[in-house]
Amino acid sequence: MLFNFFGTLNSILIVVSLIGVFSQVRTVWLRKRESRHGATEILSLNKFFVSFLAYYSFFVYGMSIEPFNHFIVWPRLIAALLVAVVLYEIWIDRKAITSLSLFALAIILLVSGVTFGLITDAYTDDGRKLMAAMIVIITIFLAQGYIHQIMLVLKLGSTGALDIKMSQLILLMDFSTIAFAFVLGLEDGWPLLLLAVVSASTKIIILYLFRWVRISKSAERKRLAAAQ
């Protein structure tokens, strides 16, 4: 009963978080439509690629749990697709080989993940352990990516094209994921717990920075210096 309740709650909040990710996409589209310089200003390619990997890893990990975990798989697949759109927009905006390479890698991973899920019934125990190890590595990269995003905001005194709704709604999802991980049991749920705790911690910092850029004289000076 608790499994179904928290699984459903987590899925609902993941869907809500998808609204946040789409809000980020919409912010970029609006800035591009307004011909504003730097439609993806401040957005860290590093951070968004590791965010994609985080969603993708749980999409894959959800397929390795017996029985197949719909609560984990489908919302993460949609989120990974939306973040891939952000990666595409970063590439279009910056025309850099690095952004093109990471966007192409994201598409390759999505196609291979979906294909593998369709042609296999379940992962083996060794494969499942490999997926768990992958999530640990991705969690480290996720922390590094968000730290990079935080440092960009601190350096320039601006949140640029960052969308506050995305951080707020994903933070709610992280809290529900932590609860769901405990109900799932630490044997299966510890990868969820690890990544959600790291994600929630960095989201709290980023949400504080939205306030910091509004009230800090230091942030104002950095914005003026960057504009000169």
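In this predicted model, Phe49, Phe52, Tyr56 and Phe59 are linked into a cluster by ring pairs, where rings of Phe, Tyr and Trp (the six-membered ring of Trp) are taken to pair if their centres lie within 6.5 Å, with planes under 30 degrees apart counted as stacked, over 60 as edge-to-face and the rest as tilted. The structure holds 7 aromatic pairs. In one of them, the rings of Phe22 and Trp29 have centres 6.1 Å apart and planes at 85°, so this pair is edge-to-face. Phe22 is partly exposed, with a relative accessible area of 38%, and Trp29 likewise counts as partly exposed, at 35%; here buried means under 20% relative accessible area, exposed over 50%, and partly exposed in between (1.4 Å probe, protein chains only). Trp91 and Phe103 form an aromatic pair that is stacked, with 6.0 Å from centre to centre and 15° between the planes. This pair links distant parts of the chain, as Trp91 belongs to helix α3 and Phe103 to helix α4, 12 residues apart. Trp91 is partly exposed, at 23% relative accessible area, whereas Phe103 is buried, at 15%.

Residues are numbered from 1 along each chain as its sequence is written. Because the model is predicted, local features need pLDDT of at least 70 and side-chain atom pairs count only at pLDDT 80 or more, while totals for chains, interfaces and linings use all residues, and side-chain values use heavy atoms, with hydrogens and water left out.

The protein has 8 helices and 0 strands, and the pattern read along the sequence is α-α-α-α-α-α-α-α; helices (H or I, at least four residues) and strands (E, at least two) are DSSP runs, numbered from the N terminus. Of the 228 residues of the protein, 50% count as buried. Among the contacts in the protein with a separation of 6 or more, 82% are accounted for by residues 24 or more positions apart, a contact being defined by heavy atoms within 4.5 Å.

In soluble globular proteins, nonpolar side chains tend to be buried together. The largest nonpolar core comprises 63 residues, of which Leu43, Phe48, Phe52, Tyr55 and Leu87 touch the most other members. The elements that give two or more residues to this core are α1 (2-33), α2 (45-64), α3 (70-94), α4 (97-119), α5 (125-156), α6 (164-184) and α7, and α2 gives the most, with 14 residues. Such a core is a set of buried Ala, Val, Leu, Ile, Met, Phe, Trp, Tyr and Cys residues joined through side-chain atoms within 4.5 Å. When residues up to four places away in sequence are not counted, Tyr55 touches Ser17, Val21, Arg76, Ala79, Ala80, Val83, Ile170 and Met173.

Helix α6 has 21 residues and reaches 30 Å from its first C-alpha to its last, close to the 30 Å expected at 1.5 Å a residue, the expected span being 1.5 Å times one less than the number of residues. At the start of α6, a side-chain oxygen of Asp163 reaches to within 3.0 Å of the backbone nitrogen of Lys165. The helix is followed by Gly185, whose phi is positive, near 100°. Ser176, found in α6, counts as buried at 5% relative accessibility and, with neighbours within four places in sequence left aside, is in contact with Asn10 and Leu13.

Thr202, in helix α7 (residues 186-215), is buried, with a relative accessible area of 8%; leaving aside neighbours within four places in sequence, Thr202 is in contact with Tyr146 and Ile150. Asp93 is found in helix α3 and counts as partly exposed at 32% relative accessibility. Residues touched by Asp93, not counting those up to four places away in sequence, are Gly38, Ala39 and Thr40, and the C-alpha atoms of Asp93 and Glu41, 52 residues apart along the chain, are separated by 9.1 Å. Phe141 lies in helix α5 and counts as partly exposed at 43% relative accessibility. The C-alpha atom of Phe141 is separated by 9.5 Å from that of Phe49, the two residues being 92 residues apart along the chain.

How values were computed:
A polar contact is a pair of N or O atoms within 3.5 Å; within protein, one must be able to donate a hydrogen and the other to accept it, and residues adjacent in sequence count only if both atoms are side-chain atoms.
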